Amino acid sequence: FEMFFQVDGAAGDEELAGGRVRVGTAASPGGAAVDPEVAAGASAMSFLKEQQWRTTFATAPVTQGTLGGSVSGPARVIPPAGGEVTLTATFDSTVAPSPWPYTGLVVVKGNTMLRLLPRIGGRSLPDLQADAASFGAEVEAARRRVERLTELLRVEATSVAELERARATLAGLEARLRSAREGVDAAGGRFDASPGASVVAPWTGRVAEVSVSPGQTVNAGAPVVGLVKASPVWIILALRPDDAARVKGRPSGLLIRRPGSPESIQFGPNDLRIISQSPEVNVRTAWIDLIVEIDRSVSDLPIGTGVEAELLLPGERRGIVVPASALVDDSGVVVAYVQIEGESFARKEVQVLARQGGQVLIEGLTPGERLVTVGGGAVRRSALLSSGAPEGHVH
């Protein structure tokens, strides 16, 4: 309703505008909906229906509500303690081409990801085995030649010298064969057996990195495969010291917003737990690190992702709760716009008391006012242009 005060005085009757009011009951009192000055048009600005139709625009009545406390800051997704491992070569070796892992591969504890073929004196085990097989063939041929020359000597079809030379050749080849087989044994594989050592997964997880190529030679200690646990994940949340001091007990939830995404991912209290809080302020950033464990997979939150995180704290505050989209930064001053009539609006400075996701607890508005929840920036620009602010255009 519109309220007026009728004053009967010695100088005559006078009517004073009292503004727009909302009528309530004893249990739920009403109150002023629009300030008398605004109702009188002192700070009203025009924003026509045609302008409202051409832009994203919405209004809603100002209401009271409750909003929990929260702390927020930049965060980074990391694997849990012991949830990341880099597997290395245990000896000088050559990487076998099969089996072969790839980034993102899900492996079960004990699965073979790749095989390493040992190297002796700069030579791989397959090279040593090939030498041993070659010497074996030559020894067999030399032995048959000695046998034939022995038969020929009995019938005086060859000389003793020729037979001795063949026996010497056989002895030399047998010595080289023994040496080759000893090299195979020293490299960790039996002659005529499947050689090498397997690189196996120490626990179930996903391959994060493959640092080698098939056939590559690596030294002992060189990294070959990186592995991470699929879940859970940790985030390191950077908080201002005064915000970090407010984190006590179990949080009531967590909101995470990825870069470039307007929507937040919400986690309930059963999906997270606080692992630890740094006992000192980071000298480089002046923040305190808080580690929070989230019961989610790396598929949902990839390791290394930078996010904006808001930790919801227990306890609630009552007051005027509005969407964050209703607030406009007017040259460093937080303002909101209320609708007086269909095409008439007023600018109001507000004070932000608390934030939680897309909701804001503020002071400066009255229940019952019609608030511009979307499109306040357009109202501001229209007011600036109507006040004589210069406007440019492109030819």
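1. In this predicted model, strand 25 and strand 26 form a hairpin in which two residues lie between the strands, and Gly 357 in the turn has a positive phi of about 65°. Strand 25 covers residues 351-356 and pairs with strand 26 in the antiparallel sense over five bridges. Within this pairing, Ala 354 stands opposite Leu 361 of strand 26.

2. Strand 26 (residues 359-363) also pairs with strand 21 (residues 306-323), again in the antiparallel sense, and here the pairing runs over four bridges.

3. Elsewhere, four strands form an open sheet in the order 7-15-13-9, with antiparallel pairing. Which strands are at the edges of this sheet? They are strand 7 (84-88) and strand 9 (106-107), each of which pairs on one side only. Strand 7 is joined by five bridges to strand 15 (residues 223-228), and the two run antiparallel; Thr 88 stands opposite Pro 223 in strand 15.

4. Turning to the aromatic residues, a search of the whole structure finds three aromatic pairs. One of them is formed by Phe 47 and Phe 345, whose rings are 6.0 Å apart centre to centre with 75° between the planes, an edge-to-face arrangement. This pair links distant parts of the chain, as Phe 47 lies in the loop between strand 4 (44-46) and helix 2 (49-53) while Phe 345 lies in strand 24 (residues 344-349), 298 residues apart.

5. Why is the pair of Phe 57 and Phe 345 edge-to-face? The ring centres are 5.9 Å apart and the planes of Phe 57 and Phe 345 stand at 90°, so the pair falls in the edge-to-face class, for which the angle must be over 60 degrees. Because Phe 57 is in the loop between helix 2 and strand 5 (58-61) and Phe 345 is in strand 24, this pair ties together parts that are 288 residues apart in sequence.

6. Taken together, Phe 47, Phe 57 and Phe 345 form one aromatic cluster. Both Phe 47 and Phe 345 are buried; Phe 345 counts as buried because its relative accessibility is 0%, and the cut-off is under 20%.

7. A contact of another kind involves Trp 203, where the charged end of Lys 229 sits over the ring, 5.5 Å from the ring centre.

Technical notes: Residues are numbered from 1 along each chain as its sequence is written. This is a predicted model: local features need pLDDT of at least 70, side-chain atom pairs count only at pLDDT 80 or more; totals for chains, interfaces and linings use all residues. Side-chain values use heavy atoms; hydrogens and water are left out. Rings of Phe, Tyr and Trp (its six-membered ring) pair if their centres lie within 6.5 Å; planes under 30 degrees apart count as stacked, over 60 as edge-to-face and the rest as tilted. Buried means under 20% relative accessible area, exposed over 50%, partly exposed in between (1.4 Å probe, protein chains only). A charge sits over a ring if NZ of Lys or CZ of Arg is within 6 Å of the ring centre and within 35 degrees of the ring normal. Two strands pair if DSSP finds at least two bridges between them.
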